[in-house]
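Here are my notes on this one, jotted down as I went through it. Have the sequence and the model open beside you.

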Amino acid sequence: MAGPSDSLVALFRELAHLTVLDEGSPASFRARAYENAMEAISSYRGDLGALSEKELQAIDGIGRSTARKVREFFETGTIAKLEELRAKYPPGLLELTRLPGLGPKTLLRLRDELGVRNLEDLQAALEARKVRDVRGLGAKTEEKLLQAIARREPTGKEQRRPIAEALPLARELVAALEALPAVDRALYCGSLRRFRETVADVDVVAASAEPPAVMEAFLAMPTVREVVRSGETRTSVVTSTGLQVDLRVVEPRHFGAACQYFTGSKAHNIKLRQRALERGWTLNEYGLSVTGTGKVVASESEEAVYEALGLAFIPPPLREDRGEVEAAAEGRLPRSLRLEDLRGDLHVHTTLSGDGRSPLEDVVASAAERGYDYLALTDHAEDLAFNGVSRERLAGQKTEIEALRGRYPGMTLLQGAELNVGPDGGVDYDEAFRRQLDWCVAGVHSHFELDRDRQTRRILAAMEDPTVHAIAHLTGRRIGRRAGIELDVDAVLRKAAETGTALEINSALGRLDVASEVLHRARDLPVTWVVSTDAHHVRELARMEWGVLQATRGWVDPSRVANCWPRDRFLAWLRERPS
DNA sequence: GCCGTTTTCGGCCCGACTGTTTTCAGTCG
């Protein structure tokens, strides 16, 4: 959803980055204020450009200075302060801040004392062994920086990885750790547990009474390619895929506090620690304790930490400092979705689709095993190259479904299709044929290159079609591989509220489409959602758990999720739709 | 730079690891 506020957010991100360098401090309060402003800007629903300086200042996280910069941006297209910093710290120098191990203080000292202005300068200084002459730096630092430069491209933390890549690895590692006799429990934390769509690294916490044994076994795991650093309780490695993994080993009695701590986000934890301080306590990875005496208030479970702080338990996907701490304090957190809330799956394929891998019978049997009350079969409609299904074959499937209905009386089977949204919003077959189907989802599978206006009109047109019940994977993005179509998201959300057309939350890890930012943006709008797996194989029916986390992250209330409704209500909703 | 107030300046979160120190600063998460 590219719009003016997105470029504004990007400018503040750059401002924060440059300010850390300018002040020579990663803990710069000014930089943090810019980051808070970023959050305030991106979560503001409305036209920021229409607000006066005074109105801007009324927004939490925006003060006099930021308000002025926002106005400046809308009036001139830029921010003078940013231009000034850009001139002071050219891109070549800025690039060096991405080198692991090189912080702002050292970088500025290298610039002032050795005249380092870019990567080439630094490399030359390192090779000439001049860096060791700078006070506070030595031969080891030279070695470390040379290595950091050498492996700059493929590994390390510069490149965020899609969740679809990191999550399976994290699960394997956790399972391998839990299989160790020395390990009580293990859990992946960090941004992965918060269910961010990309991650810079994987954080794993393990509970053990014998940390050295765990570290030794961890370092010996086959996936470990390189050891970044290793201590008694904390170790960082790079895996064979280039992903960094940080393992923290704690005593079992500290497990909950450690998981809380390492799950973050940073901003969420800062809020929590402030709350602890107000109560005369200190919160760290070992627990919540009384400042001074060290008497433990809570440490064994995350639940206990939140409870002691007077907060409802905050599910990890919500921990982004988007107002969840305040909401938890006031008892108005959204009721999070649970897997068992889902009463049916409304987007699944069978072998009828060219890319489906499980036959109809198996798909229906698996859905029944999951205890679903209803299931919609949605094979690809005819316009999709290779994989699409003709009217005749769809009619044949209807007969098969009819026969299966007798065998699964407890589950309502809906015959549907996944329609293709054409460049102008038209969909497959003809209206009379589509009306014979029980349930249609419509999604974008082509023409990703159209401009934002046309894409928006295209989606709005599909939503107005009375035979379209839901829009599948709204943008068509593949995380880390293909950007989705650009859309005026607010217009789409308004249309969804107006027409009652549901928006799908696609559970495939590579999609997670609708994005959580958009879900969050819609939190107070009367939009109907469906959480679907888009399964092409029976094992992919299990993806529903990811859709649940995605919805949670987006503050989606289960009362607005159509496939959380009991069958009677769901079917009544289907019948009621205007046509 | 924001916030809040005992209104206009002071506070703003915490610890491990590393490398360079002679007691700690810088970086990272």
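Two strands count as paired here if DSSP finds at least two bridges between them. Helices (H or I, at least four residues) and strands (E, at least two) are DSSP runs, numbered from the N terminus. This is a predicted model, where local features need pLDDT of at least 70 and side-chain atom pairs count only at pLDDT 80 or more, while totals for chains, interfaces and linings use all residues. Residues are numbered from 1 along each chain as its sequence is written, and chains are lettered from A and ligands numbered from 1 in the order in which they are written.

1. Start with the five-stranded sheet. This open sheet runs β2-β4-β7-β6-β5, with mixed pairing. β2 (183-188) and β5 stand at its edges with a single partner strand each, so one side of each lacks a neighbour in the sheet. On average, neighbouring strands are turned by 25° against each other, direction ignored. Axes are lines fitted to C-alpha atoms, for helices over the stretch in contact, and angles run from 0 to 180 degrees between N-to-C directions.

2. Within that sheet, β5 and β6 (residues 234-239) run antiparallel and are joined by 5 bridges. Look for Val227, which stands opposite Val237 in β6. Helix α10 (residues 163-178) packs on the sheet and touches β2, β4, β6 and β7 (244-250); the direction of α10 makes about 175° with that of β2. Contact means that the C-beta atoms of two residues, placed from the backbone, lie within 7 Å.

3. Now the other sheet. It is open, with 7 strands in the order β11-β12-β13-β14-β15-β16-β17 and parallel pairing. Its edges are β11 (344-348) and β17 (529-532), each with a single partner strand, so one side of each has no neighbour in the sheet. Between β12 (residues 374-380) and β13 (residues 412-420), which run parallel, there are 7 bridges, and Leu377 has Gln415 in β13 as its bridge partner. Helix α17 (residues 360-369) packs on this sheet, touching β11, β12 and β13, and its direction makes about 150° with that of β12.

4. One helix pair to check: α20 (residues 452-464) and α21 (residues 489-499) pack at about 10°, with axes 10 Å apart. They are therefore roughly parallel, a label for angles under 35 degrees. Ile459 and Leu460 of α20 are among the contact residues, as are Val492 and Ala496 of α21. The contact divides into 6 nonpolar, 2 polar and 2 charged residues.

5. Finally, some backbone spots to look at. Most residues other than glycine have a negative phi, and most peptide bonds are trans. Gly264 and Ser265 are joined by a cis peptide bond, with omega about -5°, and Ser265 is in the loop between α13 (255-263) and α14. The bond from Asp513 to Val514 is also cis, with omega near 25°; Val514 is in the loop between β16 (502-506) and α22 (516-521). Asp321 has a positive phi, near 55°, and is found in the loop between α15 (302-308) and α16 (324-329).

How values were computed:
Parallel < 35°, antiparallel > 145°, perpendicular 65-115°, else oblique. Nonpolar A, V, L, I, M, F, W, Y, C, P; charged D, E, K, R; others polar.
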